[in-house]
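The entries follow in the order in which I looked things up.

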Amino acid sequence: MTQHTIIGLSAAAFLAAAALSPVATAGESEGRSWTLDDILHAPEVSELTLSANGRFALYAAEIADSEAKRTRTQIRIVDIGAGTQHDLSSASIAKSFKRIPGTEDWSALLDIGEGQQLYRIGANGGIQPLVANPEPVAVGKADLSVSMGGGAMPHSVGILGYDWSPDGKWLWYSRLKAKAGPPHIRFDEEVSTLANRKRSSIEAEIEVFLRAPDGTVAKVITRPTRDRMAMYAGGRVIWQGDEILFRIESPDGTLGSVFETRAWNRKRQTMRTLSNERNARTLTMLRGPRNGILTTGGTGTMLELAEMRPDGQRHIYGRFGFTISDSNYALSNDGHRAVVGTRSIENPRYGLLLVERSGVREITGAASLTKCDFDDRITQAVCVEEGMATPPKLVHIDLASGKIDPLLPVSARYDEIAPLDTRPRRWTNRDGYKVSGYVMYPRGYRPGSRYPAIVITHGFDADERFADPENQWNYPAQLFAERGYVVMLINDPSPSQSADLRAAYNAWSRGSGPPDPKTMQRLIWLESVHALEDAVNELAAEGLIDPQRVGIAGYSRGAQVVNVAITHSRAFHAASSGDGGFLEPSGYAGWPAGYNPVYGGPPFGEHFEQYLRFAPSLNAEKICAPVLQQVAAAASMQAELFEALRAANVPTQLTYYPGASPASDETHIFHIPSNRLLAMRENIAWFDYWLLGKRDADAPFPERIAAWDRMAKEGRPRCDTAKPPP
C-alpha cells in the first residue's frame with residue numbers, strides 16, 4: 001500500500017478541506033495552516049515497546065484510511081542507534097505488544113486478514129502466527145456480533161488476550177467462541193437490559209487456556225462475555241510460583257457486581273479461590289521499591305506520594321503537583337526501582353516518575369510523554385512526545401539523567417504546519433472549584449480584537465496530546481482557530497481537589513449515594529457548567545472574546561455537560577451535542593446503576609420531581625441556543641431531547657451518521673473517515689451560521705441551510721442573555 005492510499009483523500013474532498021482552511025498571513029510564521037485533511041489523518045500511536053536489548057522499538061500508528069473506510073494501523077520497527085524506521089505491515093487491529101521473555105522478539109494481537117490472532121514479530125521484521133483460533137467471532141456494533149462497547153469498530157476476534165510467564169516458556173491466552181446449542185432464553189433483568197438494543201447479537205463465551213513449554217494446552221476456565229474482567233482484561237494475570245492469579249466478575253443480582261480472584265496451579269492443573277479479594281487486588285496495583293503500593297492521596301494541587309508497605313507502614317516520598325497511574329508503569333526485575341506515569345494538575349501534561357528507595361526523580365519533556373516502554377532494569381525508555389501544538393515523535397530517555405533525545409517523527413507532514421498559539425490556563429469558578437485547560441488563539445491573532453469563541457469539553461481529556469479525537473471528537477479545534485475563533489478546551493473540575501467531589505464521583509461509579517441526588521447534580525454537572533460559564537466571562541472581561549458569539553460543543557460526557565449548560569446558562573449561543581443522551585428519562589432502562597445516584601431511582605413515582613427539575617428534555621423551554629445533535633447510533637434519549645426541543649420551538653437538528661453497512665453502526669469515536677470529515681464540516685457550518693451569520697459555501701449538506709433559515713425565522717426569539725434562565 002502506498003503512502004498516498006494510506007493518507008490520501010479524493011481530490012474533491014481535499015479541495016473542500018483546503019477551502020475551509022485559509023492560508024496564514026504572509027510573514028506571520030513559517031509553515032502552512034491546518035486543513036481538515038490534517039485533522040482527519042493525524043496519527044495516534046496506540047502501542048510502543050522496546051526490544052529486550054534496547055536496540056529496537058516496535059510501534060503501531062493508527063491512521064485514517066479513506067479508501068478502506070476505516071482506521072488502519074501501520075506497524076513499524078525502529079533502529080534506535082541508527083535513527084531509522086520502516087513499515088512491517090498494515091493491520092486492521094494491532095494491540096497488546098509485548099516482549100517475549102528470553103528472546104529479542106515481540107508478540108502482538110493482530111488482524112492482518114484472519115481476524116484478531118496472536119503473532120510473533122521478529123527483530124528482523126518477520127511476522128509469524130503463534131496461536132490462532134480458526135473460528136473467529138464477529139464483535140462490535142453490527143448484526144450477529146458480540147457487543148464490546150461503543151468504541152469497538154466491527155471486526156473479528158479469535159484470540160482475545162494473553163500473557164507470558166516471566167521466563168517466556170508458558171503462555172496464557174483466551175479466545176472468543178460462539179456458543180453452540182439453542183438460542184438463549186432470557187428472564188427478568190436479562191430482558192430489561194435489551195431495552196435500548198438496536199442490533200441483533202449472538203451468544204459467545206470466553207475460553208481461557210495455558211500452554212506449557214512442551215506445547216501441551218490445558219483449558220483453565222470458561223466465562224460468559226458479560227464478565228468484564230474476562231472480556232477486557234483477560235491478559236492481566238500475575239505469575240506467582242506455580243500459580244497464575246486472575247480476576248473474574250461474578251454478577252450477584254445487585255446493581256453492581258462482585259469480583260473474586262482465582263488461582264490456577266499450572267503443575268497440578270487445579271483451581272482455588274483466594275479468600276480475601278481486597279488483598280488479592282493489591283497484587284495488580286502500582287508496586288514500589290519497598291514492596292508496597294504506590295499511591296497519591298489527599299486533596300488540592302499538591303498530593304502526597306506514599307508507598308504502603310506490607311507491614312502496614314507508610315513511607316512518604318513527599319508532596320507533588322501530579323497524580324500517578326499505570327499508563328507508563330514498570331517495575332525493574334530486581335524490584336529496586338519503579339517508574340510510573342504522572343499527570344500534572346496545574347497544566348495537564350504527562351510525564352514519568354522514577355521511584356527508588358533513595359527518593360524520586362520526575363522526568364518531563366517539552367510536551368507530554370505517552371506510550372512509554374522500558375528496559376528490564378529501568379535505565380532507559382522510549383516514549384511518544386506530543387502536545388497540543390507539538391506533533392507526535394519518538395524520543396529516547398536516559399532515566400538516570402532524565403536526558404531526552406529525539407528519534408523520529410511519527411508523521412513528518414505535521415512538522416510543515418506552523419503551530420497555533422495554544423496556552424495552558426487555569427480557572428476558578430464562582431464556588432471555588434478549579435478547572436484546567438487550554439486556549440487556542442486564532443491564526444493571526446491581534447491583541448485588542450474580540451473574537452468569536454467555541455468551548456469544547458469532554459471530561460478530563462483537555463491535556464497535552466496532539467489533535468486527539470478523545471478530546472475534540474468531530475469538533476475541528478484547529479480549523480476553528482484557523483477560521484478566526486478562540487477555542488477553549490476545558491476540563492471538568494478534578495475530583496482530587498475536593499473530598500466532596502471525590503465522594504460524588506465514587507457514588508456515581510458504585511451506583512448509589514450518598515450524597516443525595518441534588519448534591520450529585522450540582523457537583524458532577526452544575527459545577528462544570530459554572531466553570532465553563534465563568535471561564536467565558538473571564539476571557540470576555542479580558543477583551544479576548546465576544547460574549548455574544550460563544551458556542552459550546554462536547555461529546556459523550558461532554559454532551560451531558562452541553563445539555564445541562566444550555567438549560568442552566570445563557571452564556572452559549574449555539575451548541576453541538578455529540579452522541580450523548582445520558583440524563584434523559586428514557587435512558588434509565590439501559591443504565592439504572594448510573595441513574596439511581598443522580599435521580600434517586602426510576603423516572604416515576606417519588607423520583608419524578610428530580611427528573612422534572614434536571615433532565616434536559618424536561619427543561620427544553622429554558623433553552624435559548626440552537627442545538628445540533630450528531631449521533632453514531634440513534635437512541636431513545638437523543639430523540640427524546642430532539643422532540644422536546646422541537647416542541648419548545650428551539651432551532652434544532654438531529655444528524656445520524658451510519659455504519660459502513662446497513663448491518664452495522666458507526667462507533668462512538670467515529671472510525672469511518674468520510675463520516676468524520678462530514679461531521680467536522682457540519683460543525684463548522686453550524687457554528688458559522690448561528691454565531692457569525694455566515695452561510696458556508698462548503699457546508700456538507702447544503703439543502704439543510706434552508707431548514708436553518710426557516711428555524712431562524714420561525715423559532716422562538718433569542719433569549720435575553722443578561723438574565724439567567726427561569
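Predicted model: local features only at pLDDT ≥ 70, side-chain atom pairs only at ≥ 80, totals over all residues.

**Entry 1, cysteines.** I looked for disulfides and counted one. The partners are Cys372 and Cys383, and I read 2.1 Å between their sulfur atoms. That falls inside the cut-off I used, which asks for cysteine sulfur atoms within 2.5 Å. I then placed the two residues: Cys372 belongs to strand S26 (residues 368-374) and Cys383 to strand S27 (residues 380-386), so the pair ties together parts 11 residues apart in sequence. For the link of Cys372 and Cys383 I noted 115 degrees about the S-S bond, which makes it right-handed. Are Cys372 and Cys383 buried or exposed? I found both of them buried.

The buried ones are Ala593, Gly594, Tyr595, Asn596, Pro597, Val598 and Tyr599. Which helices do the buried residues of H12 pack against? I listed helix H9 (499-510), helix H10 (517-541) and helix H13 (608-614). I also checked the residue that comes just after H12: Gly600 has a positive phi of about 95 degrees.

I counted 16 helices and 37 strands in the secondary structure. The radius of gyration came out at 26 Å, close to the 27 Å that the globule rule gives for 726 residues, so I noted the protein as being as compact as a globular protein of that length. Along the principal axes, I have the C-alpha trace spanning about 75 × 65 × 55 Å.

For burial, I recorded that 57% of the 726 residues are buried. For contacts, I took those with a separation of 6 or more, and 56% of them join residues 24 or more positions apart.

I have about 29,700 Å² of accessible surface for the protein, with 51% of it belonging to carbon and sulfur atoms. How far apart are the mean positions of the positive and negative charges? I counted 78 positive and 84 negative charges, and their mean positions are 2 Å apart.

Terms used
Residues numbered from 1 in each chain as written. Heavy atoms only, no water. Helix = DSSP H or I, 4+ residues; strand = E, 2+ residues; numbered from the N terminus. Rg over C-alpha atoms; globule rule 2.2 N^0.38 Å. Buried < 20%, exposed > 50% of the residue type's maximum accessible area, 1.4 Å probe, protein only. Contact = heavy atoms within 4.5 Å. Areas by Shrake-Rupley, 256 points an atom, 1.4 Å probe, with all protein chains shown as cover. Lys, Arg positive; Asp, Glu negative; His and termini not counted. Charge placed at Lys NZ, Arg CZ, Asp CG, Glu CD.
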